[in-house]
Amino acid sequence: MGKLIVVACGAGINTSTIAEDSIRERLKKEGITDVEVKRILMADIDGYIGRMNLIVSMMKIFRTFDVPIVQGMPFLIGSKDEKEVLLNKIIKLIKE
Amino acid sequence: MLQFNEDLVLIDFDAADSTTVIKAMSDRLYARGFVSELYGQQTISREEKHPTGLPTEPFCIAFPHADAEGVNVSSLAVAILRNPVVFKNMADPDEDLLVYIVLLLANKKPEEQIETLRKLAILFGQPEKLSELRSQPTSASAATWLRLELSLSESSESVGEVRKGGLL
(Lines give C-alpha, C1' and ligand atoms only; values in the text may rest on other atoms or scores of the structure.)
Protein backbone atom coordinates (compact mmCIF):
# COMPACT_ATOMS: atom_id res chain seq x y z
CA MET A 1 0.00 0.00 0.00
CA GLY A 2 1.24 3.50 -0.81
CA LYS A 3 2.05 6.22 1.65
CA LEU A 4 -0.33 8.93 2.78
CA ILE A 5 0.35 12.61 3.44
CA VAL A 6 -2.48 14.43 5.18
CA VAL A 7 -2.77 18.20 4.85
CA ALA A 8 -4.70 19.57 7.80
CA CYS A 9 -6.31 22.95 8.32
CA GLY A 10 -9.28 24.38 10.17
CA ALA A 11 -11.88 24.52 7.42
CA GLY A 12 -10.30 22.04 4.98
CA ILE A 13 -10.98 24.47 2.17
CA ASN A 14 -8.72 27.21 0.90
CA THR A 15 -5.42 26.93 2.70
CA SER A 16 -5.10 23.15 2.68
CA THR A 17 -6.03 23.10 -1.02
CA ILE A 18 -3.01 25.30 -1.77
CA ALA A 19 -0.66 22.98 0.13
CA GLU A 20 -2.22 19.83 -1.33
CA ASP A 21 -1.83 21.18 -4.85
CA SER A 22 1.82 22.17 -4.34
CA ILE A 23 2.74 18.75 -2.91
CA ARG A 24 0.89 16.82 -5.64
CA GLU A 25 2.59 18.83 -8.34
CA ARG A 26 6.02 18.12 -6.85
CA LEU A 27 5.32 14.38 -6.42
CA LYS A 28 4.29 14.24 -10.07
CA LYS A 29 7.47 16.03 -11.11
CA GLU A 30 9.54 13.56 -9.12
CA GLY A 31 7.69 10.63 -10.68
CA ILE A 32 6.48 9.45 -7.27
CA THR A 33 3.18 7.67 -7.82
CA ASP A 34 2.68 5.66 -4.62
CA VAL A 35 2.06 8.64 -2.33
CA GLU A 36 -1.45 9.94 -1.79
CA VAL A 37 -2.10 13.50 -0.61
CA LYS A 38 -5.35 14.19 1.19
CA ARG A 39 -6.61 17.38 2.76
CA ILE A 40 -8.50 16.95 5.97
CA LEU A 41 -10.05 18.89 8.83
CA MET A 42 -7.78 19.02 11.83
CA ALA A 43 -10.79 17.82 13.85
CA ASP A 44 -10.85 14.58 11.82
CA ILE A 45 -7.16 13.75 12.16
CA ASP A 46 -7.64 10.88 14.63
CA GLY A 47 -9.33 8.89 11.88
CA TYR A 48 -6.03 8.79 9.98
CA ILE A 49 -3.82 7.49 12.79
CA GLY A 50 -2.11 4.32 11.61
CA ARG A 51 -2.74 5.20 7.95
CA MET A 52 -0.92 8.48 7.56
CA ASN A 53 2.85 8.71 7.15
CA LEU A 54 3.29 12.49 7.32
CA ILE A 55 1.23 15.43 8.56
CA VAL A 56 1.44 18.83 6.89
CA SER A 57 -0.39 21.28 9.14
CA MET A 58 -1.37 24.84 8.39
CA MET A 59 -1.86 25.46 12.11
CA LYS A 60 -0.11 24.74 15.37
CA ILE A 61 -0.61 21.20 16.65
CA PHE A 62 -0.75 20.92 20.42
CA ARG A 63 -0.14 17.18 20.60
CA THR A 64 2.20 14.61 19.17
CA PHE A 65 1.74 11.80 16.69
CA ASP A 66 3.96 8.88 15.80
CA VAL A 67 4.63 10.44 12.37
CA PRO A 68 6.52 13.63 11.46
CA ILE A 69 4.64 16.95 11.42
CA VAL A 70 5.64 19.68 8.99
CA GLN A 71 4.44 23.29 9.33
CA GLY A 72 2.77 24.14 6.01
CA MET A 73 2.43 27.90 6.36
CA PRO A 74 5.18 28.67 3.79
CA PHE A 75 2.94 27.16 1.09
CA LEU A 76 0.61 30.06 1.73
CA ILE A 77 2.90 32.98 2.43
CA GLY A 78 6.46 31.88 1.71
CA SER A 79 8.69 33.19 -1.05
CA LYS A 80 9.43 30.94 -4.01
CA ASP A 81 12.61 29.74 -2.29
CA GLU A 82 10.86 29.05 1.02
CA LYS A 83 8.22 27.00 -0.81
CA GLU A 84 10.97 25.02 -2.52
CA VAL A 85 12.77 24.31 0.78
CA LEU A 86 9.53 23.06 2.31
CA LEU A 87 8.79 20.78 -0.65
CA ASN A 88 12.32 19.33 -0.48
CA LYS A 89 11.81 18.59 3.19
CA ILE A 90 8.46 16.85 2.57
CA ILE A 91 9.87 14.74 -0.27
CA LYS A 92 12.83 13.71 1.88
CA LEU A 93 10.56 12.75 4.80
CA ILE A 94 8.11 10.75 2.71
CA LYS A 95 10.92 8.85 0.98
CA GLU A 96 12.36 7.70 4.31
CA MET B 1 -15.82 31.13 -12.52
CA LEU B 2 -14.92 33.28 -9.56
CA GLN B 3 -17.12 36.34 -9.10
CA PHE B 4 -15.11 39.44 -8.35
CA ASN B 5 -15.54 43.11 -9.18
CA GLU B 6 -15.04 46.55 -7.71
CA ASP B 7 -18.30 46.41 -5.74
CA LEU B 8 -16.62 43.69 -3.68
CA VAL B 9 -13.59 45.83 -2.82
CA LEU B 10 -13.65 48.05 0.26
CA ILE B 11 -10.99 50.75 0.14
CA ASP B 12 -9.73 52.85 3.06
CA PHE B 13 -12.19 50.90 5.18
CA ASP B 14 -12.41 52.18 8.73
CA ALA B 15 -13.25 49.38 11.16
CA ALA B 16 -12.63 48.88 14.87
CA ASP B 17 -12.19 45.11 14.74
CA SER B 18 -12.00 42.01 12.57
CA THR B 19 -15.67 41.12 13.14
CA THR B 20 -16.78 44.44 11.64
CA VAL B 21 -14.59 43.87 8.60
CA ILE B 22 -15.82 40.31 7.97
CA LYS B 23 -19.44 41.43 8.42
CA ALA B 24 -19.05 44.30 5.92
CA MET B 25 -17.42 42.01 3.37
CA SER B 26 -19.96 39.20 3.69
CA ASP B 27 -22.77 41.79 3.48
CA ARG B 28 -21.44 42.81 0.05
CA LEU B 29 -21.38 39.17 -1.07
CA TYR B 30 -24.86 38.55 0.35
CA ALA B 31 -26.26 41.64 -1.39
CA ARG B 32 -25.26 40.10 -4.70
CA GLY B 33 -26.65 36.69 -3.80
CA PHE B 34 -23.25 35.01 -3.72
CA VAL B 35 -23.49 33.77 -0.13
CA SER B 36 -26.25 33.01 2.34
CA GLU B 37 -27.39 35.52 4.94
CA LEU B 38 -25.62 33.48 7.63
CA TYR B 39 -22.27 33.30 5.87
CA GLY B 40 -20.83 36.32 7.70
CA GLN B 41 -21.68 34.90 11.12
CA GLN B 42 -20.37 31.48 10.09
CA THR B 43 -17.11 33.05 8.98
CA ILE B 44 -16.80 35.00 12.24
CA SER B 45 -17.41 31.81 14.25
CA ARG B 46 -14.90 29.93 12.13
CA GLU B 47 -12.37 32.70 12.67
CA GLU B 48 -12.74 32.36 16.45
CA LYS B 49 -12.04 28.63 16.31
CA HIS B 50 -9.60 28.54 13.41
CA PRO B 51 -8.06 31.97 12.84
CA THR B 52 -6.76 33.00 9.43
CA GLY B 53 -4.34 35.84 10.13
CA LEU B 54 -1.18 35.39 8.05
CA PRO B 55 2.23 36.82 9.08
CA THR B 56 3.08 38.14 5.63
CA GLU B 57 5.59 40.91 4.88
CA PRO B 58 5.69 43.91 4.94
CA PHE B 59 2.40 43.79 6.85
CA CYS B 60 0.01 41.03 7.88
CA ILE B 61 -3.08 39.98 5.98
CA ALA B 62 -6.06 37.71 6.76
CA PHE B 63 -7.81 35.11 4.66
CA PRO B 64 -11.15 34.35 6.38
CA HIS B 65 -13.75 31.92 5.06
CA ALA B 66 -16.39 29.49 6.25
CA ASP B 67 -17.69 26.16 4.96
CA ALA B 68 -18.78 25.76 1.37
CA GLU B 69 -22.40 25.22 2.48
CA GLY B 70 -23.16 28.92 2.80
CA VAL B 71 -21.73 29.73 -0.61
CA ASN B 72 -24.06 30.05 -3.62
CA VAL B 73 -21.43 31.25 -6.07
CA SER B 74 -17.67 31.23 -5.51
CA SER B 75 -16.64 34.83 -5.01
CA LEU B 76 -13.93 37.06 -3.60
CA ALA B 77 -14.28 40.17 -1.46
CA VAL B 78 -11.35 42.35 -0.44
CA ALA B 79 -10.96 45.01 2.25
CA ILE B 80 -8.01 47.38 2.44
CA LEU B 81 -8.08 48.94 5.91
CA ARG B 82 -7.39 52.50 6.97
CA ASN B 83 -6.10 51.26 10.32
CA PRO B 84 -5.05 47.69 11.05
CA VAL B 85 -7.31 45.32 13.01
CA VAL B 86 -6.25 42.29 15.03
CA PHE B 87 -6.61 38.79 13.64
CA LYS B 88 -5.10 35.77 15.36
CA ASN B 89 -2.27 33.97 13.59
CA MET B 90 -3.39 30.83 11.73
CA ALA B 91 -0.15 29.09 12.69
CA ASP B 92 -0.36 30.21 16.32
CA PRO B 93 -3.77 31.26 17.70
CA ASP B 94 -2.15 32.87 20.74
CA GLU B 95 -0.47 35.49 18.60
CA ASP B 96 -2.17 38.75 17.57
CA LEU B 97 -1.40 40.04 14.09
CA LEU B 98 -2.06 43.59 12.91
CA VAL B 99 -3.81 43.10 9.60
CA TYR B 100 -4.07 45.68 6.81
CA ILE B 101 -5.65 43.66 4.01
CA VAL B 102 -8.44 41.08 4.30
CA LEU B 103 -9.31 38.70 1.47
CA LEU B 104 -12.52 36.75 1.92
CA LEU B 105 -12.66 33.87 -0.54
CA ALA B 106 -16.13 32.32 -0.42
CA ASN B 107 -15.34 29.02 -2.08
CA LYS B 108 -18.05 26.63 -3.22
CA LYS B 109 -15.66 23.98 -4.52
CA PRO B 110 -11.96 24.39 -3.73
CA GLU B 111 -10.78 22.30 -6.69
CA GLU B 112 -12.48 24.67 -9.13
CA GLN B 113 -10.62 27.65 -7.74
CA ILE B 114 -7.22 26.00 -7.75
CA GLU B 115 -5.73 28.49 -10.21
CA THR B 116 -6.89 31.43 -8.09
CA LEU B 117 -5.57 29.80 -4.92
CA ARG B 118 -2.19 29.21 -6.61
CA LYS B 119 -2.04 32.85 -7.69
CA LEU B 120 -3.04 34.03 -4.21
CA ALA B 121 -0.25 31.98 -2.61
CA ILE B 122 2.26 33.54 -5.02
CA LEU B 123 0.90 37.01 -4.24
CA PHE B 124 1.02 36.45 -0.45
CA GLY B 125 4.72 35.57 -0.73
CA GLN B 126 5.68 38.86 -2.43
CA PRO B 127 5.99 41.86 -0.08
CA GLU B 128 6.22 44.41 -2.91
CA LYS B 129 2.98 43.11 -4.43
CA LEU B 130 1.10 43.39 -1.15
CA SER B 131 2.33 46.99 -0.82
CA GLU B 132 1.13 47.70 -4.35
CA LEU B 133 -2.33 46.39 -3.51
CA ARG B 134 -2.50 48.43 -0.32
CA SER B 135 -1.61 51.64 -2.15
CA GLN B 136 -4.41 51.35 -4.73
CA PRO B 137 -6.37 54.63 -4.64
CA THR B 138 -9.83 53.37 -5.64
CA SER B 139 -11.96 50.22 -5.54
CA ALA B 140 -11.86 50.13 -9.32
CA SER B 141 -8.06 50.28 -9.53
CA ALA B 142 -7.68 47.69 -6.78
CA ALA B 143 -10.13 45.39 -8.59
CA THR B 144 -8.30 45.82 -11.90
CA TRP B 145 -4.93 45.23 -10.24
CA LEU B 146 -6.14 42.06 -8.51
CA ARG B 147 -7.89 40.75 -11.59
CA LEU B 148 -4.59 41.00 -13.43
CA GLU B 149 -2.53 39.40 -10.64
CA LEU B 150 -5.00 36.55 -10.19
CA SER B 151 -5.71 36.16 -13.93
CA LEU B 152 -9.43 36.63 -13.35
CA SER B 153 -11.76 37.45 -16.19
CA GLU B 154 -14.31 40.25 -15.96
CA SER B 155 -17.14 39.13 -13.68
CA SER B 156 -20.52 38.66 -15.24
CA GLU B 157 -23.78 39.99 -13.83
CA SER B 158 -24.45 39.12 -10.22
CA VAL B 159 -26.76 36.22 -9.50
CA GLY B 160 -29.33 38.61 -8.04
CA GLU B 161 -29.49 40.62 -11.24
CA VAL B 162 -29.64 37.54 -13.41
CA ARG B 163 -32.53 36.22 -11.35
CA LYS B 164 -34.37 39.53 -11.56
CA GLY B 165 -33.78 39.62 -15.32
CA GLY B 166 -35.20 36.14 -15.65
CA LEU B 167 -38.44 37.21 -13.99
CA LEU B 168 -39.10 40.11 -16.34
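Which residues line the second largest pocket? In this predicted model, the lining consists of B:Ser18, B:Thr19, B:Ile22, B:Ile44, B:Glu47, B:Glu48, B:Lys49, B:Pro51, B:Val86, B:Phe87, B:Lys88 and B:Pro93. A pocket here is an open set of points on a 1 Å grid over the protein atoms alone, where a 1.4 Å probe fits and protein lies on both sides within 12 Å along at least five of seven lines; lining residues have an atom within 4 Å of a point.

Residues are numbered from 1 along each chain as its sequence is written, and chains are lettered from A and ligands numbered from 1 in the order in which they are written. Local features need pLDDT of at least 70, side-chain atom pairs count only at pLDDT 80 or more, and totals for chains, interfaces and linings use all residues, while side-chain values use heavy atoms, with hydrogens and water left out.

The volume of the second largest pocket is about 160 Å³, where a volume is the space filled by probe spheres set on the grid points, joined across faces, edges and corners. Helix 1 (18-31), helix 2 (39-49) and strand 4 (75-88) of chain B are the elements that give two or more residues to this lining. Helices (H or I, at least four residues) and strands (E, at least two) are DSSP runs, numbered from the N terminus. Helix 2 of chain B has the largest share, with 4 residues. By class, the lining has 6 nonpolar, 2 polar and 4 charged residues; Ala, Val, Leu, Ile, Met, Phe, Trp, Tyr, Cys and Pro count as nonpolar, Asp, Glu, Lys and Arg as charged, and the others, Gly among them, as polar.

The largest pocket holds about 480 Å³ of space. It is lined by 20 residues, of which A:Ser22, A:Glu25, A:Lys80, A:Lys83 and B:Ile122 are the closest to its centre. At least two lining residues come from each of helix 1 (14-30) and helix 3 (80-95) of chain A and helix 3 of chain B. Helix 1 of chain A supplies the largest share, 6 residues. This lining divides into 10 charged, 5 polar and 5 nonpolar residues.

The two chains also touch directly. In the contact (heavy atoms within 4.5 Å), chain B takes part with 27 residues and chain A with 21 residues. Together they bury about 2,000 Å², 64% of it on carbon and sulfur atoms; buried area is the accessible area (1.4 Å probe) that two parts lose on being put together, summed over both. Between the chains there are 8 residue pairs in polar contact, both at pLDDT 80 or more. On the side of chain B that touches chain A, strand 2 (53-54) and helix 3 (114-124) of chain B are the elements that give two or more residues. Helix 3 of chain B gives the largest share of that side, 6 residues. The side as a whole has 15 nonpolar, 7 polar and 5 charged residues.

A salt bridge is a side-chain nitrogen of Lys or Arg within 4 Å of a carboxyl oxygen of Asp or Glu. The count over all chains is 18, and the count between chain B and chain A is 3. B:Asp92 and A:Lys60 form a salt bridge through their side chains (3.4 Å, N to O). Within chain A, the side chains of A:Arg26 and A:Glu84 form another (3.0 Å, N to O). This pair links distant parts of the chain, with A:Arg26 in helix 1 and A:Glu84 in helix 3 of chain A, 58 residues apart.

A:Arg39 lies in strand 2 (residues 35-41) of chain A. Its side chain makes a polar contact with the side chain of A:Glu20 (3.0 Å), and the side chain of A:Arg39 also makes one with that of B:Glu111 (3.0 Å). A polar contact is a pair of N or O atoms within 3.5 Å; within protein, one must be able to donate a hydrogen and the other to accept it, and residues adjacent in sequence count only if both atoms are side-chain atoms.

Two backbone details in chain B remain. The peptide bond from B:Glu57 to B:Pro58 is cis, with omega near 0°, and B:Pro58 sits in the loop between strand 2 and strand 3 (60-62) of chain B. B:Asp12, in strand 1 (residues 9-13) of chain B, has a positive phi of about 50° although it is not a glycine.
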